[in-house]
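Biologist: I'm new to this one. Can you put it up on screen and walk me through it?

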Amino acid sequence: SDMCLDGVLCHLNIYINTTSYYTYSFIPTDSNGRVTLTKGDLLLGSELKHYYDPALTIDATPVKFEFFILEMSFLKLMLDSMNNYLTYSLEAITESLRSVKVPEYQIPAKIKAMVKQREADKPLRDLIQSSRNAQLNISERKYKITDVWTEQRDYTYEITLDCVEQ
């Protein structure tokens, strides 16, 4: 039977101290229900890309992380707001810009930037829309992994797989 393992969206927090962390979100599982992350993926997918300096030597300090499956309620809110924003007409956007007193001569550039941003956001919307998180019954027990990276290894995250037919 189809175990609905693939396309489940996950989230990772990488701690830099006790209260601050970098986030990497909307990470899909593969057909085995696995997420494989390389150093390159972490740099590309998180705010680390703005701070990482390859010239600095990496020490052996364990790095705390949290990994969890994104909740459907969060994904639904995200999807609703994205769908709203992706379907606004250009007229409505123009009116909205005028209502907040954006000078007329700046409006065409702002609209152009927004249209470009909307195009860039569509793949994320499609990813969320096609995610299979709604089909999972996540057991409360193992909702989140909190651990420290000391070396490269696999982490196992058990969830109860009661697939809900969509």
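**A first look around**

Modeller: Starting with open space, the largest pocket has a volume of about 1,900 Å³. Near its centre, the closest of the 50 lining residues are Leu-12, Leu-37, Leu-42, Trp-149 and Tyr-155. This is a predicted model, where local features need pLDDT of at least 70 and side-chain atom pairs count only at pLDDT 80 or more, while totals for chains, interfaces and linings use all residues. Residues are numbered from 1 along each chain as its sequence is written, and side-chain values use heavy atoms, with hydrogens and water left out.

Biologist: What counts as a pocket, and what is its volume?

Modeller: On a 1 Å grid over the protein atoms alone, a pocket is an open set of points where a 1.4 Å probe fits, with protein on both sides within 12 Å along at least five of seven lines; lining residues have an atom within 4 Å of a point. Grid points are joined across faces, edges and corners, and the volume is the space filled by probe spheres set on the points.

Biologist: Which strands and helix each supply at least two residues of the lining?

Modeller: Strands E1 (9-15), E3 (63-69) and E4 (144-149), plus helix H1 (39-45). Helices (H or I, at least four residues) and strands (E, at least two) are DSSP runs, numbered from the N terminus.

Biologist: How do the lining residues divide into nonpolar, polar and charged?

Modeller: There are 31 nonpolar, eleven polar and eight charged. Nonpolar covers Ala, Val, Leu, Ile, Met, Phe, Trp, Tyr, Cys and Pro; charged covers Asp, Glu, Lys and Arg; the others, Gly among them, are polar.

Biologist: Now the helices. At roughly what angle do H2 and H4 cross?

Modeller: Roughly 145°, with the axes of H2 (residues 72-87) and H4 (residues 107-130) coming within 10 Å. Axes are lines fitted to C-alpha atoms, for helices over the stretch in contact, and angles run from 0 to 180 degrees between N-to-C directions.

Biologist: Which residues meet there?

Modeller: Among them are Leu-75, Met-78 and Leu-79 in H2, and Met-114, Ile-128 and Gln-129 in H4. By class, that contact has nine nonpolar, four polar and four charged residues. Contact means heavy atoms within 4.5 Å.

Biologist: Is Leu-79 buried or exposed?

Modeller: Leu-79 is buried, at 16% relative accessibility. Leaving out residues up to four places away in sequence, Leu-79 touches Arg-125, Ile-128 and Gln-129.

Biologist: And what about Gln-129?

Modeller: Gln-129 is partly exposed, with a relative accessible area of 47%. The C-alpha atoms of Gln-129 and Leu-79 are separated by 7.0 Å, though the two sit 50 residues apart along the chain. Beyond its neighbours within four places in sequence, Gln-129 is in contact with Leu-79 and Asn-83.

Biologist: Changing topic, where does Phe-26 lie?

Modeller: Phe-26 lies in strand E2 (residues 21-28). Phe-26 has a positive phi of about 60° although it is not a glycine, and it counts as buried at 14% relative accessibility.

Biologist: And where is Lys-101 found?

Modeller: In the loop between helix H3 (90-99) and H4. Lys-101 has a positive phi of about 65°, again without being a glycine, and is exposed, with a relative accessible area of 71%.

Terms used:
Buried < 20%, exposed > 50% of the residue type's maximum accessible area, 1.4 Å probe, protein only.
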